[in-house]
Amino acid sequence: MAKHLLERLRPWRERIDALDQQILDLLNQRAQAALEIGKIKEAYNAEDSILKPEREAQIITHLQNLNTGPITPASVQAVWSEVISACRGLEQKLRVAFLGPTGSFSEQAALAHFGHFVEPVPCQSFDEVFRLVEVGEADVGMVPVENSTEGAVNRTLDLLLNTSLKVLGEHSLAIHHNLLTQSGSMEQVQRIMAHPQALAQCHNWLATHYPQIQQDAASSNAEAARIASQDASVAAIAGKKAAESWGLQVAHAGIQDDAQNRTRFLAVGNIESLPSGNDKTSLIVAVPNRAGAVHEMLAPFAQHQVSMTRLESRPARTGQWEYYFYMDLLGHQEEPAVQSALQALKQQVAFCKILGSYPCQD
Ligand SMILES: O=C(O)C(=O)C[C@]1(C(=O)O)C=C[C@@H](O)C=C1
């Protein structure tokens, strides 16, 4: 029986071996081409970035359009992210900063977006992520900006306002939280630790199942997992990656209140992404505190038919009930409709900061 099975599999396995050899040969030819591009970039402008977000997005979209299956569009995205990452990594390893330690959702988002052939730079806070990219100790940073359950990540919004960095990409990740302990049981647990955002995303589940256990904030979920790995009285809320990284067992899986819980991350750096054909633009606007000001702020987008995918407000901390408005628009700032809307907007508002245009993930 087993022999018969192997005989039937053999020709297909031989076919896979032959195809893999061809794929390997093609990958090496591709890598060689990327290395040549790297040399040309270096000769033209040593300061120029190796990373070209718009080109990477165009390559993947083009292949998804050509794809006839059975490989899925999501697989095309995942495989070519890694192929590009491997080629880019030969040109130069991208240093990617994120909230660590290892096992965090930020690390997952960073690696899903830039691929695994990067140099990870785990940081202790969002402030440190921005600072390291600003001073050139990292090339790009990956930070959460909004969560589908809890809304905006305020510290990121504040840092975006005060930084000179540009937004150059977005990545949305499904967030499934787990209660992790050393043994996989909750028997010895006296404290549940997580980032405040994660505690909030699991608020109802915790109130129902463990109302008596104290909850403590950690600087990140992965940090809570690190602490739990050293203290049997601590349960951490974190992802499965953190469980693997810190040798913990899952006591309860999928404890987030919303099964569809997602977090959107932004990639930030000193690079401006050129138009890719399917882009978003993020900006911050402040208007005077008077009747009709917000209405006037929105009018240019309606007039020039620019869609807004997000509008968020944040206190301006003047004590005057003034706000900064964070907006995401569909289109690149170099596209005529967006350009005209932004020009009209700038004439009306007290403050306008364009954070950057970047390829839509969708
Ligand atoms: O086209 C380039 O500029 C490259 O450097 C090549 C390449 C790729 O592997 O396709 C790698 C890195 C860039 O971000 C974009 C594309």
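**Close-up views of a predicted model**

**View 1. Ile 237 in its strand.** Ile 237 lies in strand β9, residues 234–238. Strands are DSSP runs of E, at least two residues, and helices are runs of H or I, at least four, both numbered from the N terminus. The model is predicted: local features need pLDDT of at least 70, side-chain atom pairs count only at pLDDT 80 or more, and totals for chains, interfaces and linings use all residues. Numbering starts from 1 along each chain as its sequence is written. Ile 237 is buried, because it has 28 C-beta neighbours inside 10 Å (the cut-off is 20 or more other C-beta atoms within 10 Å, with C-beta atoms placed from the backbone). Beyond neighbours within four places in sequence, its contacts include His 177, Leu 179, Ile 192 and Ile 255 (contact: C-beta atoms, placed from the backbone, within 7 Å).

**View 2. The crossing of α1 and α3.** The two axes come within 8 Å and cross at roughly 45 degrees. Axes are lines fitted to C-alpha atoms, for helices over the stretch in contact, and angles run from 0 to 180 degrees between N-to-C directions. Among the residues that meet are Leu 27, Ala 31 and Leu 35 in α1, and Val 83, Ala 86 and Leu 90 in α3.

**View 3. The shell around the ligand.** Helices α1 (2–44), α2 (53–66) and α3 (73–91) each supply at least two residues of this shell. The largest share, 4 residues, comes from α3. Residues around the ligand include Ala 34, Lys 52, Arg 55, Glu 56, Cys 87 and Glu 91.

Terms used:
A residue is near a molecule or strand if its C-beta atom, placed from the backbone, lies within 6 Å of it. Two residues are in contact if their C-beta atoms, placed from the backbone, lie within 7 Å. A residue is buried if 20 or more other C-beta atoms lie within 10 Å of its own, exposed if 12 or fewer, and partly exposed in between; C-beta atoms are placed from the backbone.
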